Amino acid sequence: MILTLLEIILLSILAFCLLVQLYYVLFIHLKLANAKIEEIPLSARKPCSVIICARNEMANLEQYLPTILNQNYPEFEVVVVNDRSWDGTEEFLEAWEKKFSNLKVVKILDNDKFIAGKKFAVTMGIKAAKYDWLVFTDADCTPASENWLMDMQQPVNEDVDILLGYSPYLKRRGLLNALIRFETFFTAVNYLGFALKGMPYMGVGRNMAYKKSLFFKNKGFAAHMHIPSGDDDLFVNAHASKYNTEIRLHQDSHVWSEPNRTWSGYLKQKKRHFGAGKLYKAKHKFILSLQIIFQFLFYGFFAGCMFLSREAQYIAGGILLLSIIIRSFVYPKLLKRLNYGDLRWWFPILDILLFLFLTLNGFLAMFGKKKVNWK
């Protein structure tokens, strides 16, 4: 078997891309797969405030708010911010506020004096909260158990300012649902794995917590109030460190969420997130960009090798197979741990589909319309 110089170069680049890919698999993701999951504490130590922002979410609030209000936790309040809703949310919340003593409703009216958006709503909710420890979720979310707050409560270690939780999407039929859940899985594996390694760079507002004092000490969202997204990941990116951040993995502390049902809705959601990522710290943008670029190069050079000699094709196929085999010892375990066990044997196919979708989405985000609203 004699390979040409071009074939040797292309196969060498493909092999190097695999090595970079395996850095993330073996040094970041494997660490999360092997992490010990602590048991949920049996008792609560300090009171907390749960913050939920709602804009025309009456149906979701009616279905999911009871699971928040009836948490197994001795002292907590639920602050729901009604952000200019017109679907009956106001009347619903007024009635429920009379029934539940731990429910506090904050109402935002249409007004030209402030910048409308979720960050303003979150800020109003934080200002109204009476406790320092704040737990965040969304109106279309439901905790996996009544012990959710027990695990998301303020840690004994007073130096911990931020807790990063996990929020899987509910299983529905169709390719879109599988793709959304798989993308959410990889996002979670990345941000939880890097946080475990001492480099927290983001969190998701569907399930996270931090101190009210941390928020106001750092002037809230002032640094990025000009973009619609980032009330969760940009705040964590700016203020989380290996010393003040912990993660929570116990299945009882997961928060389930309704996924998008349409491709257009999912594209809109990813477009918002794409805009926030541009404001990450330089070191985080570098390491995340490196991951995406080398994934792109890996599949790109593999496709290119398919136009070479049969011998080169066999070697390229062997490199791809080696990648799948190594990842097969990591991702099925993680998928099961993160409530996506039904996807564990489909991950090689979903990985390629997700790569193609995110490439398309990145292109659309760069050349599409810039204005994106949160609701």
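Which residues does Tyr210 touch, not counting residues up to four places away in sequence?

**Entry 1, ground rules.** I am working with a predicted model, in which local features need pLDDT of at least 70 and side-chain atom pairs count only at pLDDT 80 or more, while totals for chains, interfaces and linings use all residues. Residues are numbered from 1 along each chain as its sequence is written, and side-chain values use heavy atoms, with hydrogens and water left out.

I looked up the contacts of Tyr210 (heavy atoms within 4.5 Å) and found Ile126, Asp132, Trp133, Leu134, Phe136, Asp161, Ile162, Phe215, Phe221 and Phe235. I then turned to the nonpolar cores, each a set of buried Ala, Val, Leu, Ile, Met, Phe, Trp, Tyr and Cys residues joined through side-chain atoms within 4.5 Å, where buried means under 20% relative accessible area with a 1.4 Å probe, protein chains only. The largest core has 86 residues, and Phe185, Leu192 and Tyr210 touch the most other members. Helix H6 (residues 175–196) gives the largest share of this core, 13 residues; helices here are DSSP runs of H or I with at least four residues, and strands are E runs of at least two, numbered from the N terminus. A second, separate core holds 30 residues, including Ile68, Val78, Val80 and Phe100.

Leaving aside neighbours within four places in sequence, Gly193 is in contact with Ile28, Leu32 and Ala188.

I traced an open sheet of 7 strands in the order S3-S2-S1-S4-S7-S6-S8, with mixed pairing (two strands pair if DSSP finds at least two bridges between them). Strands S3 (103–108) and S8 (245–247) stand at the edges with a single partner strand each, so one side of each is left without a neighbour in the sheet. Strand S1 (residues 48–54) and strand S2 (residues 76–83) run parallel and are joined by 7 bridges, and Cys53 has Val81 in S2 as its bridge partner.

I checked helix H1 (residues 5–33) and helix H11 (residues 310–328), whose axes come within 10 Å and cross at roughly 0 degrees; axes are lines fitted to C-alpha atoms, for helices over the stretch in contact, and angles run from 0 to 180 degrees between N-to-C directions. H1 and H11 are therefore roughly parallel to each other, a label for angles under 35 degrees. Among the residues making the contact are Leu11 and Leu18 of H1 and Ile315 and Ile319 of H11.

Key
Angles under 35 degrees count as roughly parallel, over 145 as roughly antiparallel, 65 to 115 as roughly perpendicular and the rest as oblique. Buried means under 20% relative accessible area, exposed over 50%, partly exposed in between (1.4 Å probe, protein chains only).
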